[in-house]
Amino acid sequence: MAYLTVAGHGQAEIEVSRSRFLCTLERVDDEFSARSVIEQARREHWAARHHCSAFVLGPRRDVERSSDDGEPPGTGGAPMLEVLRGRELSDVVAVVTRWFGGTLLGTGGLSRAYADAVRAALEVTPLVERVEQELCEVTVDLAAAGRLEHELRSRGTKVLNIDYTDLATLSIAVPLIAVPIAEEIVAELTEGRAELVHRGRRWVDAPVSTG
């Protein structure tokens, strides 16, 4: 399993008919953290009229919340949330702080402005892919350790440690989708004498390819 999120803090500001829209993005782990970011924006920019927000949480993006914070219903948080959904992001909160410029934008104009503010912040905020890995160990003869390490690394497996005694024990982290391949490699190179021992799972960040 894998999903996209922001690498950390990001911020961008746009101006529409003299109203300023400042979007702040933060990576968060839970709803409490997301709401803390929203409250921090309120405290920091206390003179602003609105602080609309949206956040998405969880590997399956199963927690979604949005707030229009006094704007006409559906014109603030909802379009912001749609941008996050469209980018398939999770574990992220977006807060758009608005300073009114004296010109009414209408519901369509407001919706576009709040969405565009989030898009502008995403343009300057690096993304990472959160990848779930299976943590495993495999013990092999010393003569087989080098080739096994090479084959596993070449297939995207991270070798965390190798403990040498009379045998070699490799501690590895395998992307979930690649576990069957790792099992096949181990079976083939050891002629079925060794197998992966599963020790648990972890989430790690991986850079997002720009190609």
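This is a predicted model: local features need pLDDT of at least 70, side-chain atom pairs count only at pLDDT 80 or more; totals for chains, interfaces and linings use all residues.
The whole structure holds 17 salt bridges. One of them pairs D205 with R27, at an N to O distance of 2.9 Å. D205 is partly exposed, at 40% relative accessibility. R27 is also partly exposed, at 26%.

Strand β10 also contributes R199, which bridges to E137 with the closest N and O atoms 3.3 Å apart. E137 sits in strand β7 (residues 127–140), and 62 residues separate the partners. E137 is partly exposed at 25% relative accessibility, whereas R199 is exposed at 55%.

A further salt bridge joins the side chains of E191 and R193 (3.2 Å, N to O). Both partners are exposed: E191 has a relative accessibility of 65% and R193 one of 60%. Shared partners also connect salt bridges into a network of R27, R130 and D205.

Negative charge gathers on the surface in a patch of E183, E184, E188 and E195. E188 counts as exposed because its relative accessibility, 62%, is over 50%.

Two non-glycine residues with positive phi were examined. R61 has a phi of about 55 degrees and lies in the loop between β4 (50–57) and β5 (63–67). R61 is partly exposed, at 31%. D91 has a phi near 55 degrees and is placed in the loop between α2 (77–86) and β6 (92–99). D91 counts as buried because its relative accessibility of 10% is under 20%.

Note on methods. Residues are numbered from 1 along each chain as its sequence is written. Side-chain values use heavy atoms; hydrogens and water are left out. Patches are made of residues with over 30% relative accessible area and no salt bridge: like charges are joined within 9 Å, nonpolar side chains (Val, Leu, Ile, Met, Phe, Trp, Tyr) within 5 Å. Accessible areas come from the Shrake-Rupley method with a 1.4 Å probe; for residues, only the protein chains shown count as cover. A salt bridge is a side-chain nitrogen of Lys or Arg within 4 Å of a carboxyl oxygen of Asp or Glu. Lys and Arg count as positive and Asp and Glu as negative; His and the chain ends are not counted. The place of a charge is taken as NZ of Lys, CZ of Arg, CG of Asp or CD of Glu. Buried means under 20% relative accessible area, exposed over 50%, partly exposed in between (1.4 Å probe, protein chains only). Helices (H or I, at least four residues) and strands (E, at least two) are DSSP runs, numbered from the N terminus.
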